[in-house]
Amino acid sequence: MKTLKPILLTAICCAFGAAVANAGTLENLERERAIVLDAYLDQSLQPSERQSKTQISRTRLIDLERMVLRDKSLAGKNTPRVRKAFDNYDLTFLVHASTESKRGVLDHWLDQIGVSTHSLMNARLGRR
Amino acid sequence: MKNHSTSRIVAPVILAGALVLSAPVWAAVESESWNPVVSERLIKLPANYLKKAIDHDFAKSALALAIADNRELTGLKTQTLQDLQSAIEGAQGELKVELRHQFLAEKRAYLELVARTQDLRRRQADTKIRLYGKMLDKLGRKAAAMTPQHAALIDKQQAAQKRFQSSIGAVDMKLFGNAAMTESKYSQEYAKNVASIERLVAAIGSHPMNRRAEIDGKVVSKQDYLRQIITESEADVALLDQEETVLGYMAKLIALDAMALSDAVVADEAGDGPPAQEASINAAIDFFVTR
């Protein structure tokens, strides 16, 4: 009986943990997008490695972007995460927006966050 | 004989008095009720189904049963009144007075029944007005409850949907047009399901039971439809008010008939013996002139 109690408690905690960990479509999209961007920006990766990694993630990202756009549970869900996601279509639905603008995913993302070839060329090394 | 005739005189007067006193008694009877509840599920129903659901709920209520019972009784009472009326036409003397008295009593009973039906119908109309009014309020509150931030989010989501729908074809062509990238299992299955859904939606759209709410052949919003039902119920109440006036005049006529019958019976009673006359003094003259 004494050993049964901690086991039960652990089982309950695990059950709750599993429930909390069950992310929605938007959370999954954000995670996958972060992985794609990380792969693009990772200097340690060889070009071939980067390409294979981003290729797989891109297909997944397309599906996730569509899932989010078709997710009825997000309609009118007034939470900071959902508001932020729909504030900028180009950043949230990165693959669709980049294909629309006929640019690569990374180029589109950099453009959206304000980093362009022009701004980089004009940048000067300095100290703040 | 004297006692019998007195009761015939008093009965119509009691009848007339009872007519005046009986109205508040009906108001006290509250056992027949209909208590519909405005649930979220009810509000979400399409306008046409909503009315049907409420009508169905009413049909199962004690109030609907009471109204149906009363209507049936009123019909029977009308038949009785017709029978009595034709019987009076062919009757004579005592029997005619007795039948007239019975006719009055039946008319009073008829009025009681009609007034009771009116009371029940008024309760139905009032409940309907209250119910549909609450629904209208809830629908209004739902629309008003949206904060500017919430409304902005919905706008953005709709804009995103629009942008996605307008670009999905081009995106698919660009992404999956070359052999390097193939459609995922999700995309393939989704496309299949969309085709099935579209067929089902088309079938639902053309289903005769899926007609949208209409007023005079024009499709209207749920709010408009609810307002129309409220107006119709208000009209029912107004007509009931008018019918109540008619009922009041009928009651007054019965009271007058009762008084007329009472007078007629008194006149008959007086007609039974010789009329009381002053004895003329001239008749006694002979007693004095002869010795």
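## Nonpolar cores

In this predicted model, the largest nonpolar core has 21 residues. The members that touch the most others are A:Leu26, A:Leu61, A:Val68, A:Val82, A:Leu94, A:Val95 and A:Val105. On chain A, the elements giving two or more residues to this core are α2 (25-41), α3 (47-70), α4, α6 (94-100) and α7 (105-112). Chain B takes part too, through its own α6. The largest share comes from α3(A), with five residues.

## Contacts of A:Val68

A:Val68 belongs to the largest core. Neighbours within four places in sequence are left aside here. A:Val68 is then in contact with A:Thr25, A:Leu26, A:Leu29 and A:Leu74. One of these, A:Leu26, is also listed among the core members that touch the most others.

## Interface between chains A and B

On the chain B side, 18 residues are in contact with 15 residues of chain A. Two helices of chain B each give two or more residues to this side: α6 (148-176) and α7 (185-205). The most come from α6(B), which gives 14 residues. By type, the chain B side divides into eight nonpolar, seven polar and three charged residues.

## A:Arg81

A:Arg81 sits in helix α4 of chain A, residues 80-87. A:Arg81 counts as partly exposed because 13 other C-beta atoms lie within 10 Å. Along the chain, A:Arg81 and A:Glu27 are 54 residues apart. Their C-alpha atoms are separated by 8.8 Å.

How values were computed:
Residues numbered from 1 in each chain as written. Chains lettered and ligands numbered in written order. Predicted model: local features only at pLDDT ≥ 70, side-chain atom pairs only at ≥ 80, totals over all residues. Helix = DSSP H or I, 4+ residues; strand = E, 2+ residues; numbered from the N terminus. Buried ≥ 20, exposed ≤ 12 C-beta atoms within 10 Å, placed from the backbone. Contact = placed C-beta atoms within 7 Å. Nonpolar A, V, L, I, M, F, W, Y, C, P; charged D, E, K, R; others polar. Core = buried A, V, L, I, M, F, W, Y, C linked by C-beta atoms within 7 Å.
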